[in-house]
Amino acid sequence: MGFVLSSTILRKFAMALSGLFLMLFLLQHFAINITSVFSETIFNQFSHFMGTNAIVQFVLQPILIFGVIFHFVMGFILDIQNRSARGTRYAVYKGSANASWVSRNMLISGGTVLAFLALHFYDFWVPEMNYKYIEFLPENPDRYYEELVHKFEDLTRVILYVISFVFLALHLSHGFSSAFQSMGFNNKYTPVVKSLGKVYSIGIPAGFAFIAIFHFLNH
Amino acid sequence: MKLTLKIWRQENATAKGSMQTYSLKGVSTDMSFLEMMDVLNEQLMEQGIDPVAFDHDCREGICGSCSMFINGEAHGPDRLVTTCQLHMRKFKDGDTIHIEPFRAKPFPVIKDLVVDRTAFDRIQHAGGFVSVNTSGNTQDANATPIEKADADKAFDAATCIGCGACVASCKNASAMLFVSAKVSQYALLPQGQVEATDRVLNMVKQMDEEGFGNCTNTGACEVECPKGISLENIARMNREYLSANMKG
């Protein structure tokens with residue numbers, strides 16, 4: 001950790017790496033969740049596998065949690081350092097003249113996603129941990145779909161989720177291509193990376209929003 | 001044109017500064033921004049007021065001295081120009097213009113609009129050079145063939161005048177565009193390969209020690225750079241740095 005924090009370039013490299021890892025996880029998360037729209041059985045099978053597989057539970061899940069915490073903690077550390085590097089603030093600073101709102105406000109979009117994660121963990125992860133590792137209830141492979149649908153019966157929760165997905169889209173729209181730049185990737189293929197970033201940053205959050213709205217309307 | 005100027009006044013490095021307001025009449029649209037400042041200073045001296053201190057030298061966009069933050073942008077609202085190349089035709093009669101020094105902790109204000117940018121010199125001293133034996137046996141640089149594409153990119157990077165607009169514009173006060181331009185201009189040439197590892201490690205280390213912020217890829221530096229230095233250079237520096245770290 002100390003080695004990573006020692007240099008501006010290593011810090012941004014670490015942010016990029018953790019960001020790409022989280023984007024990969026989001027893709028996997030979406031791929032499983034979207035099955036709930038067309039098949040209760042497939043969704044339950046995937047969820048049962050993810051919820052009971054030892055590698056997923058005791059290797060991948062801790063890595064994921066570490067990745068999430070690292071990305072957010074590092075984000076806040078970088079922001080504190082950056083504010084300090086400015087020193088005296090400008091009386092007039094026209095940030096919109098040379099950079100997008102999204103790129104200048106990753107802390108706002110990221111902070112909103114963090115708040116959403118707290119709600120999301122409260123909704124799904126905490127009950128899941130409680131079910132399996134505190135109350136030690138017998139595993140029921142068919143419970144996952146019902147648990148998911150039940151959460152999206154509440155309109156307020158669906159609205160909160162959709163708003164969060166908008167901020168997630170904003171965060172990803174800068175984060176995707178920015179991660180590649182931080183890792184030293186800027187060449188003739190950069191326009192392709194940027195286009196992929198646009199597809200990913202709109203497609204994945206829109207897909208998650210669709211799942212939430214679909215189950216709300218379908219219950 | 002008649003203008004209202006709000007200018008940062010600070011007596012010395014330790015004094016507390018503030019924005020002061022001045023009215024200026026008779027400004028021609030053909031004047032450069034610095035000529036307008038000259039007119040203001042003449043008016044101030046006639047009134048017995050200390051003239052506004054500002055850096056300037058070549059007044060043709062080469063020296064990189066004229067560091068002013070005008071209406072919220074480094075070198076003002078025009079693109080690919082320094083403050084001395086900015087003309088008053090970019091403003092309208094009756095405008096209020098805010099003029100501040102470049103702001104960054106590593107660029108402390110010396111007086112009014114003059115800032116100490118020797119942090120850039122120290123970064124340059126840390127590795128922004130090639131060591132050449134000048135004992136009389138020096139090989140002619142033209143004897144080493146270099147691909148046109150590489151030569152062009154190296155030259156583009158070398159056009160950085162070290163004005164500090166990248167630092168001033170970046171919301172994080174990051175100096176990565178400047179440092180990456182200096183790293184790139186040698187990284188692309190065979191003459192720069194011998195010291196490549198030490199160069200990037202030492203220059204980045206010095207940059208960090210000076211207290212510049214982290215790059216978050218907003219791209220503001222590239223937009224405000226008077227020489228159009230590309231973000232591609234930052235990506236190249238990142239590659240060079242990561243590769244140098246792996247070599248140890």
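**Exercise 1. A residue in a loop of chain B**

Is Ala173(B) buried or exposed? Find its place in the chain, then look at its backbone.

*Solution.* Before starting, note that this is a predicted model, in which local features need pLDDT of at least 70, side-chain atom pairs count only at pLDDT 80 or more, and totals for chains, interfaces and linings use all residues. Residues are numbered from 1 along each chain as its sequence is written, while chains are lettered from A and ligands numbered from 1 in the order in which they are written.

Step 1: use the cut-offs. A residue is buried if 20 or more other C-beta atoms lie within 10 Å of its own, exposed if 12 or fewer, and partly exposed in between, with C-beta atoms placed from the backbone. Ala173(B) has 27 other C-beta atoms within 10 Å, so Ala173(B) is buried.

Step 2: find the place. Ala173(B) sits in the loop between α4 (165-169) and α5 (176-187) of chain B. Helices (H or I, at least four residues) and strands (E, at least two) are DSSP runs, numbered from the N terminus.

Step 3: check the backbone. Most residues other than glycine have a negative phi. Phi of Ala173(B), however, is near 55 degrees, a positive value.

**Exercise 2. Checking a helix**

How far apart are the end C-alpha atoms of helix α8 of chain B? Compare this with the expected span, then see what the helix packs against.

*Solution.* Step 1: the expected span of a helix is 1.5 Å times one less than its number of residues. Helix α8(B), residues 232-247, has 16 residues and should span 22 Å; its end C-alpha atoms are 23 Å apart, which agrees.

Step 1: list buried residues. Among them in α8(B) are Asn233(B), Ile234(B), Met237(B) and Tyr241(B).

Step 2: find their neighbours. The buried residues of α8(B) pack against α2 and α9 of chain A, together with α3 (148-158), α5 and α6 of chain B.

**Exercise 3. Chain A and its side towards chain B**

How many helices and strands does chain A have?

*Solution.* Step 1: chain A comes to 10 helices and zero strands. Of its 219 residues, 27% count as buried.

Step 1: count the contacts. Two residues are in contact if their C-beta atoms, placed from the backbone, lie within 7 Å. By this rule, 33 residues of chain A are in contact with 35 residues of chain B.

Step 2: see which helices take part. α2 (8-33), α5 (54-86), α6 (101-104) and α9 (155-182) of chain A each supply at least two residues of this side. The largest share, six residues, comes from α5(A).

Step 3: sort by class. Ala, Val, Leu, Ile, Met, Phe, Trp, Tyr, Cys and Pro count as nonpolar, Asp, Glu, Lys and Arg as charged, and the others, Gly among them, as polar. The side of chain A that touches chain B has 13 nonpolar, 15 polar and five charged residues.

**Exercise 4. Two domains in chain B**

How many residues of domain 1 of chain B are in contact with domain 2 of chain B?

*Solution.* Step 1: take the bounds, domain 1 (3-111) and domain 2 (117-247), which come from an automatic or database domain assignment.

Step 1: their centres, taken over C-alpha atoms, are separated by 29 Å.

Step 2: 18 residues of domain 1 of chain B are in contact with 17 residues of domain 2 of chain B.
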